[in-house]
Amino acid sequence: MDAQKRIKQLMEERGWTDYRLAKEANLSHSTVTNMFNRNNAPTLPTLEAVCRAFGITLAQFFTEDEESQMTEKQRILFSRWSTLTEEQQKILLDLMRTM
């Protein structure tokens with residue numbers, strides 16, 4: 001799989017620019033532009049940051065099957081989940097179990 005092509009596809013689906021991806025993934029703009037302009041393959045940490053920004057897992061990144069993609073609500077939930085502390089995640093899971 002061509003990682004740069006897949007990232008571009010995900011950016012186009014969301015209407016994101018290189019700058020927006022860099023901001024959402026907490027990467028430098030030069031990291032993102034070099035990935036495309038210099039054809040640099042993303043490192044694993046960079047790819048993980050990109051996936052978090054898109055609200056998808058690495059497995060979903062490498063899966064081209066549309067049915068395995070998260071819904072917008074699931075992406076939002078996953079994105080917010082990633083910002084919680086371990087304690088906050090535990091509390092939220094406990095709350096969800098009681099529902």
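Trainee: How do the residues of the largest pocket's lining divide into nonpolar, polar and charged?

Mentor: Six are nonpolar, five polar and six charged. Keep in mind that this is a predicted model.

Trainee: How much space lies in that largest pocket?

Mentor: About 360 Å³. Its lining has 17 residues, and the closest to the centre are R52, A53, F54, G55 and S79.

Trainee: Which elements give two or more residues to the lining?

Mentor: There are four helices to look at: α1 (3-14), α2 (18-25), α4 (44-54) and α6 (72-81).

Trainee: Let's stay on α4. Which of its residues are buried?

Mentor: T46, L47, A49, V50, C51, A53 and F54.

Trainee: What follows α4?

Mentor: G55, with a positive phi near 75 degrees.

Trainee: Switching to the whole chain. How many helices and strands are there?

Mentor: Seven helices and zero strands. The C-alpha trace spans about 50 × 30 × 25 Å along its principal axes.

Trainee: What share of the residues is buried?

Mentor: Of the 99 residues, 31% are buried. The chain exposes about 6,900 Å², and carbon and sulfur atoms supply 52% of that.

Trainee: What about contacts between residues 24 or more positions apart?

Mentor: They account for 47% of the contacts with a separation of 6 or more.

How values were computed. Residues are numbered from 1 along each chain as its sequence is written. This is a predicted model: local features need pLDDT of at least 70, side-chain atom pairs count only at pLDDT 80 or more; totals for chains, interfaces and linings use all residues. Side-chain values use heavy atoms; hydrogens and water are left out. On a 1 Å grid over the protein atoms alone, a cavity is a set of points where a 1.4 Å probe fits but cannot get out, and a pocket is an open set with protein on both sides within 12 Å along at least five of seven lines; lining residues have an atom within 4 Å of a point. Grid points are joined across faces, edges and corners, and a volume is the space filled by probe spheres set on the points. Ala, Val, Leu, Ile, Met, Phe, Trp, Tyr, Cys and Pro count as nonpolar, Asp, Glu, Lys and Arg as charged, and the others, Gly among them, as polar. Buried means under 20% relative accessible area, exposed over 50%, partly exposed in between (1.4 Å probe, protein chains only). Contact means heavy atoms within 4.5 Å. Accessible areas come from the Shrake-Rupley method with a 1.4 Å probe; for residues, only the protein chains shown count as cover.
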